[in-house]
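The walk below goes element by element.

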Amino acid sequence: MSVQTMDDRSPRNSEESSWAVETHGLTKRFGDNVAVNDVELLVPRGCAFGYLGPNGAGKTTLIRVLLGLTHADKGTMSLLGVSVPRHRDRALARVGAIVDEPRFHGHLTGRQNLEILAAARERAARDRIDSSLERVGMTHRADDRVSKYSMGMRQRLGVAACLLGDPQLLILDEPMNGLDPAGMHEMRDMILSLVAEGRTVMLSSHLLDEVERTCDAVAIVDNGKVIRQGPISELLAGAAVEVHVGCSTPDRARTVLATTAFGEAIDVDASGLSIHLPSGTGQDAIAEINRILVEDGIAVFHLEEQQVSLESWFLQVTSRLGDNV
Amino acid sequence: MTSVANSPAPATAPTTNGGSRDNRGSWIPNGAMIQTRIMELRKRRGLMAALIVVYIGVPTIFLLVRLIAHAVAPKSYGPAGGYDIFTALVIGFMFFLGFIVAATLGCSAGSTDLTDGMFRHLVITGRSRLALYFARIPAGLAIIVPLVAVGFTIVCAVCVFAAPTKLSYEGVNVPPGLSAAGFNHWAASHPKEAVCGLPNFGPNNVPCYVNGKGKVVVPRGTTGFQNISPATLKADAVKVAEQNYKAYSKLFLYPSDALMIRTGLWIELEATIGFIVGLGLASLMGQRTVPVVLMIVLEVILTPLFSRVAIPHLINAQRGLVGLAMSHLEPSALPHNLGGGGGGPGGGPTLVPESLTVAICVVVAWLVGWTALGAWRMVKRDA
């Protein structure tokens, strides 16, 4: 996937914009609490985009502001190149969203709830009810009352509601919440299939493993501020490197390395050493570690560069930067 | 800062029309929105059953019991219908209950999207919030107006078709629909009934009364009519008839078509007010229970309390009560719904005075004002 810098971005408020979501200086306050703090967010079209952050970081608030569920105090934003809230009706015409737990009229069936929502959309939305239900695997329960639905079924009905408008952009707030492993798997497949159709899916979550499996790009939010954003592969490439060394005498090996440039962050366990190297460290450094240990007579069984997971990177970033923003 | 680039959309990419043709920014709701709102309310089976039982079931059972009782023992139980039953049911039941039933429905319509979590889904469609609010008005009225109409029609039907055949005025059987001259003529030809049975406001030296069976009774030990010449008795009877004609002229065997139509429209207007105010109040407060309680308090306690006694410093505020305004719009042939000195028979304390124009303005202000408040809250509310 090619890379685009912020300076390359297309003009704002144009429906030809490359960005499905674009915000500049977006701020939302609740009294003294700044829930969304000067957020600059660019979500490219046609990808799955994860909006990550710890609980209370302001993920849902940002989504609510984007969808016009609450107003922003400052900043500009656009959805699919259309400025909101000025042209909110035009922007939301091709947006589907689930915010928080999806809730519906419990005394109505799933289909009847969708009929209410379709009536508020364009005429063609009514013709999409059956296909939306089929797509989320709810056809067989469509005529049951929602009060009898499980949490997972309500989530799927929420996705069906999103699909009524044939959306170009889906904004899903914690879509995996309440789903069992099979349900999470189905949701992940559904998101990927939606992206494969050319739609953009922006999902907020704190389930980092799921996001890593689903999304192409992410933004990390902490204390209401976006602190990192970009393709996952690029972000992880910039993360610290961890090298595991299997050797005969781990304690002696640590002593030997302690006098070198690698001695600052070494953990010892029964099988060997874990050495934390700064981001951007190349293969040469690993070879150098091997050389030092071997020259000192320590038998090295293996050297392995550990793949940094999104979760560990997220923890690094939020713990290091979260307090400073 | 970097970000992934826009990937080319595949052939199956979704359509890109912006939905501008569906006019979803307009404040006017479309037909489908209204239809689905009706469905949403209608499917609240518990609520609908309660409203039907209260507004249609109770008067129906009441009239049914009277019909059966009259059929079984006509001498002990009077006819099920008639003008008196009509006015009693309309004033004592259908008017007040119509308001409360409509307010309950309005409060439900105004709050269920919020409490059920659907409001958020609806806002996300991009549809104007005003349109979302205004869709509830015709939807609710499409339920409450027929409900009131059915209940009222049942009452009218029974009151007309099961009306008494004789008019009883103060216990005296009087032919219905007489002119003033005709009433005087009847009194002259039934002088004892007129003198003993009808209320009279001058000296009456004959100690007598009319019993429950319509017979003139002269107490034992009294002289009765022995010392009164037939001519004097007839003259007294005519005098009594003249005193009573005004009240008599407002008595009927059964309500006239014009009265039923006017009363029906009046009750429907009251129900409409109840619904609109309930809708606005519930939208404003974001819940159902408290607004319903407030509406009942308004109708059952505040309105009667502040409509009967004029408080000099608050009289203009009193005139702003919609219940008082509706009392001034009441059909004149009905006894006053708030127990004041309305057009019908009976007395009681007078209502706080208000011109017809002011009454109409108050009703319009309540309808427009609460609609505006509810819509404003809908637009400003965080979803």
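Strand β10 (residues 217–222) of chain A pairs with strand β11 (residues 225–231) of chain A in the antiparallel sense, over 6 bridges. Strands here are DSSP runs of E of at least two residues, helices are runs of H or I of at least four, and both are numbered from the N terminus. Two strands pair if DSSP finds at least two bridges between them. A:Ala219 has A:Gln229 as its bridge partner in β11(A). The hairpin has 2 residues between the strands, and A:Asn223 takes a positive phi near 50 degrees.

This is a predicted model: local features need pLDDT of at least 70, side-chain atom pairs count only at pLDDT 80 or more, and totals for chains, interfaces and linings use all residues. Residues are numbered from 1 along each chain as its sequence is written, while chains are lettered from A and ligands numbered from 1 in the order in which they are written.

Because 5 of the 7 residues of β11(A) are buried, the strand is largely enclosed by the rest of the structure. Buried means that 20 or more other C-beta atoms lie within 10 Å of the residue's own; exposed means 12 or fewer, partly exposed is in between, and C-beta atoms are placed from the backbone.

Now turn to strand β9 (residues 200–205) of chain A. Here 6 of 6 residues are buried. In a regular strand the side chains alternate between the two faces of the sheet. Both faces of β9(A) are covered: A:Thr200, A:Met202 and A:Ser204 lie on one side, A:Val201, A:Leu203 and A:Ser205 on the other.

Which residues touch the most other members of the largest nonpolar core? They are A:Phe49, A:Ile171, A:Val201 and A:Met202, in a core of 179 residues. Such a core is a set of buried Ala, Val, Leu, Ile, Met, Phe, Trp, Tyr and Cys residues joined through C-beta atoms within 7 Å. Its largest share, 17 residues, comes from helix α3 (residues 83–116) of chain B. A second, separate core of 11 residues includes A:Cys247 and A:Leu293.
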